[in-house]
Amino acid sequence: MTETPLFELRNVSKSFGTIKASKNVSLHVGHREIVGLLGDNGAGKSTLIKIISGVYAPDSGEIWLRGKRVDHWSVAAARNSGIETVFQDRALARQQTIVDNMFMGREITNRLGFIKEKQQIEAAAEMMRSIGFTSALLSPLSQVMWLSGGEQQGIAIARALYFNAEMILLDEPTTALSLHETYKVFGFSRQARDKGSSILFISHNIYHAWDLCDRFIILDRGTVTSQIHKSQMRDAEDLIKTMELVAKTGKAEAAQDYRK
Amino acid sequence: MIEKPNTESMTGDVAAVPAPVVNPAHPLTGFGGFIRRNRNAVGALIMFLIFWGILLVFSDGVFLNPVAYTSIFTTLPITMLLVVAIIFTTTNGAIDLSYTSSLGLGAFVFAYITFNSLNPDRTEPWIIPGSIGPWVGFIAAIIAGILVGLLNSLLVLRFRLTPFIATLGVQFFIRGLVVILSDAKGIPVPFIEGTSFYNMCCGRIPITLSDQTIEFPNQMVWALLFFGITWLLYSKHTIGRHTRIVGDNEESAREMGIPINRVKAFSYVYTGIAAGIAGTLFIGTFYTFWPDTGNGYLLPVLTAVFVGGNPLVGGTGTVAGAFIGSITVAFIDTGLIALGFVDVYTQFVYGIVLIISLLGFRTARR
């Protein structure tokens with residue numbers, strides 16, 4: 001690793017009561033790469049996402065951004081540093097309009113904090129067009145509660161893309177999506193990477209991750225058990241076998257052993 | 001996401017999909033869209049107009065006489081301030097019951113300072129004498145309201161009490177404080193009349209019509225101004241937008257970095273400010289502080305909130321509706337007497353009106 005990574009976690013731990021959700025996790029995300037964060041249910045994927053996006057404060061450990069240690073990490077700090085997240089629950093407010101959801105927490109305002117409504121609506125219409133909301137039934141002023149699951153996911157992703165984030169966290173973005181919609185999500189992700197963003201893609205669907213990612217970080221019961229580059233693997237089956245081995249032995253070396 | 005799969009969007013090259021930027025024929029744009037998006041406020045307006053129409057026809061000419069409106073508009077502002085301010089709290093999905101006591105505290109602070117600065121036999125020499133007194137009292141009443149709001153915020157946000165319970169406790173606590181501080185005695189401040197503060201706060205603007213002069217109470221001007229500011233904050237400012245999002249889905253708000261505690265604290269403090277100003281208007285209107293000042297406002301304010309089309313679930317609300325609702329409730333108060341209902345029936349009719357209006361909103365929301 002010659003280049004300074006975009007984002008790093010160093011020895012990060014987080015407990016909820018007696019449950020250790022993350023134990024000494026160290027990982028990094030480089031520039032312009034799509035990293036898959038894989039693991040079974042309960043492996044601690046969502047906890048890590050919430051630490052990276054600033055929702056949870058880690059109990060211990062360090063967060064590094066562009067080679068500098070960050071002291072006060074929060075959602076606002078993360079978003080201001082160019083890290084946008086598509087949460088598993090989509091983080092939408094269902095009774096509010098599409099435009100209010102898109103600019104949630106990052107409204108376009110004048111200096112006194114009054115919202116520039118017209119500008120926001122135009123930008124929202126543009127975003128809706130970019131994700132293929134061509135239906136004449138939808139307006140930026142439509143309430144999110146009337147949208148389908150896939151459309152709501154589209155709003156959540158478009159929101160992350162809109163702010164030209166340097167790193168986008170996608171937490172299970174393909175759950176409850178049709179195959180077509182899933183491919184669209186992949187399209188947007190690649191597009192964002194080609195424009196210079198990095199993506200951390202969380203999934204328990206290995207086939208999805210295999211299609212999209214350049215590198216894989218495998219989590220098991222709160223710890224990183226192995227980090228695998230796509231070139232080390234033949235195909236998705238190979239990756240699955242490796243993961244099974246790692247889970248069985250609980251050792252990171254298992255990945256290398258398997259290759260021999 | 002779209003009806004027909006197309007290969008361009010599969011590869012991510014979606015800029016090729018043409019669509020109008022804003023559909024001009026969409027049902028949410030234009031005048032129809034305005035009505036649709038503000039249906040609760042429009043519902044409150046329709047309800048008000050129906051009720052007003054009944055009063056105009058059946059009140060035996062009482063509501064055709066401008067004097068009735070002068071009298072209503074003198075006392076209505078006290079309720080109106082509280083009703084429009086509390087929308088921030090209801091939109092958060094919470095309720096603030098402490099305003100009756102904050103009003104009492106504001107009224108006490110204002111009356112106490114005014115009394116001691118204007119009364120020739122004043123007992124507190126440290127209070128600045130002269131007509132600047134009421135101005136100081138006004139500022140002090142607002143500060144008292146802010147402090148009550150901060151106390152509510154502390155209990156709800158730091159100590160995690162349910163808003164209903166916390167603000168109920170604060171209501172009793174502050175009322176007790178007011179009774180202790182005032183020694184359970186009233187404070188008459190008749191000499192406030194004629195001071196510069198009184199002329200500004202509670203004077204009257206004469207409006208000459210062809211055959212008579214009617215007086216428009218200054219209180220109403222301030223209430224309208226406060227409504228305007230509240231509407232701007234609620235509908236046009238980030239604080240209002242964030243209030244709705246927090247009330248709608250707190251977890252989403254947290255994930256998107258909205259300062260939830262600040263948003264909630266704002267709602268309590270804002271109601272406190274309104275109660276402080278309302279306490280001042282109360283003294284300016286009735287010239288006397290009583291230890292139970294404000295207690296009578298608990299139910300009229302809540303009724304006006306609901307009649308104004310505001311549900312108690314978080315995420316939505318309408319300040320304009322609340323404004324209209326407060327007028328409707330004031331008209332009901334006066335109107336029932338004008339319609340000839342004797343006192344025994346007022347609460348009964350009050351209840352019927354409330355139920356009918358709530359059923360109306362329920363149907364409209366379907």
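**Entry 1: the hairpin**

I start with a term: two strands count as a pair if DSSP finds at least two bridges between them. The model I am looking at is predicted. I looked up β1(A) and strand β2 (residues 19-29) of chain A and found that they pair in the antiparallel sense over 7 bridges. The two strands form a hairpin, with 2 residues between them. I noted Gly17(A) in the turn, which has a positive phi of about 65°. To follow the pairing I picked Glu8(A), and its bridge partner in β2(A) is His28(A).

**Entry 2: the sheet around the hairpin**

Which strands make up the open sheet of 4 strands, and in what order? I read the order as β2-β1-β4-β5 in chain A, with antiparallel pairing. At the edges stand β2 and β5 of chain A, each pairing on one side only. From one strand to the next the twist averages 30°.

I then went through the other pairs in this sheet. Strand β1 (residues 7-16) of chain A is joined to strand β4 (residues 60-65) of chain A by 5 bridges, and the two run antiparallel. Here Ser13(A) stands opposite Ser60(A) in β4(A). Between β4(A) and β5(A) I found 3 bridges, and these strands also run antiparallel. Ile63(A) stands opposite Val70(A) in β5(A).

A helix packs on this sheet: α1 (residues 45-52) of chain A touches β1, β2 and β4 of chain A. The direction of α1 makes about 120° with that of β1(A).

Chain A has an open sheet of 6 strands in the order β6-β7-β8-β3-β9-β10, and its pairing is mixed. I looked up the edge strands, which are β6 (83-86) and β10 (223-229) of chain A, each pairing on one side only. Neighbouring strands of this sheet are turned by 15° against each other on average, direction ignored.

Do β7 and β8 of chain A run parallel or antiparallel? They run parallel, and 5 bridges join strand β7 (residues 167-171) to strand β8 (residues 198-203). For one example I took Ile168(A), whose bridge partner in β8(A) is Ile199(A). I also found α6(A) packed on the sheet, where it touches β3 (34-38), β7 and β8 of chain A. The direction of α6(A) makes about 150° with that of β8(A).

**Entry 3: salt bridges**

I counted over all chains and the structure holds 21 salt bridges. One of them joins Glu166(A) and Arg66(A), with the closest N and O atoms 2.5 Å apart. Why does this pair tie together parts that are 100 residues apart in sequence? Glu166(A) lies in the loop between α5 and β7 of chain A, while Arg66(A) lies in the loop between β4 and β5 (68-70) of chain A, so the pair links these parts.

**Entry 4: where chain A meets chain B**

I turned to the second chain. The contact involves 53 residues of chain A and 42 residues of chain B. The size of an interface is often given as the accessible area lost when the parts come together. Chain A and chain B bury about 4000 Å² between them, and 59% of that is on carbon and sulfur atoms.

How many salt bridges does the rule find across the interface of chain A and chain B? It finds 4. I looked up the one between the side chains of Arg241(B) and Glu117(A), at 3.0 Å from N to O.

Which elements of chain A give two or more residues to the side that touches chain B? They are α2 (75-80), α4 (117-130), α5 (149-162) and α6 (179-194). The residues on that side of chain A divide into 21 nonpolar, 19 polar and 13 charged.

Methods. Residues numbered from 1 in each chain as written. Chains lettered and ligands numbered in written order. Predicted model: local features only at pLDDT ≥ 70, side-chain atom pairs only at ≥ 80, totals over all residues. Heavy atoms only, no water. Contact = heavy atoms within 4.5 Å. Buried area = accessible area lost by both parts, 1.4 Å probe. Nonpolar A, V, L, I, M, F, W, Y, C, P; charged D, E, K, R; others polar. Axes fitted to C-alpha atoms, helices over the stretch in contact; angles between N-to-C directions.
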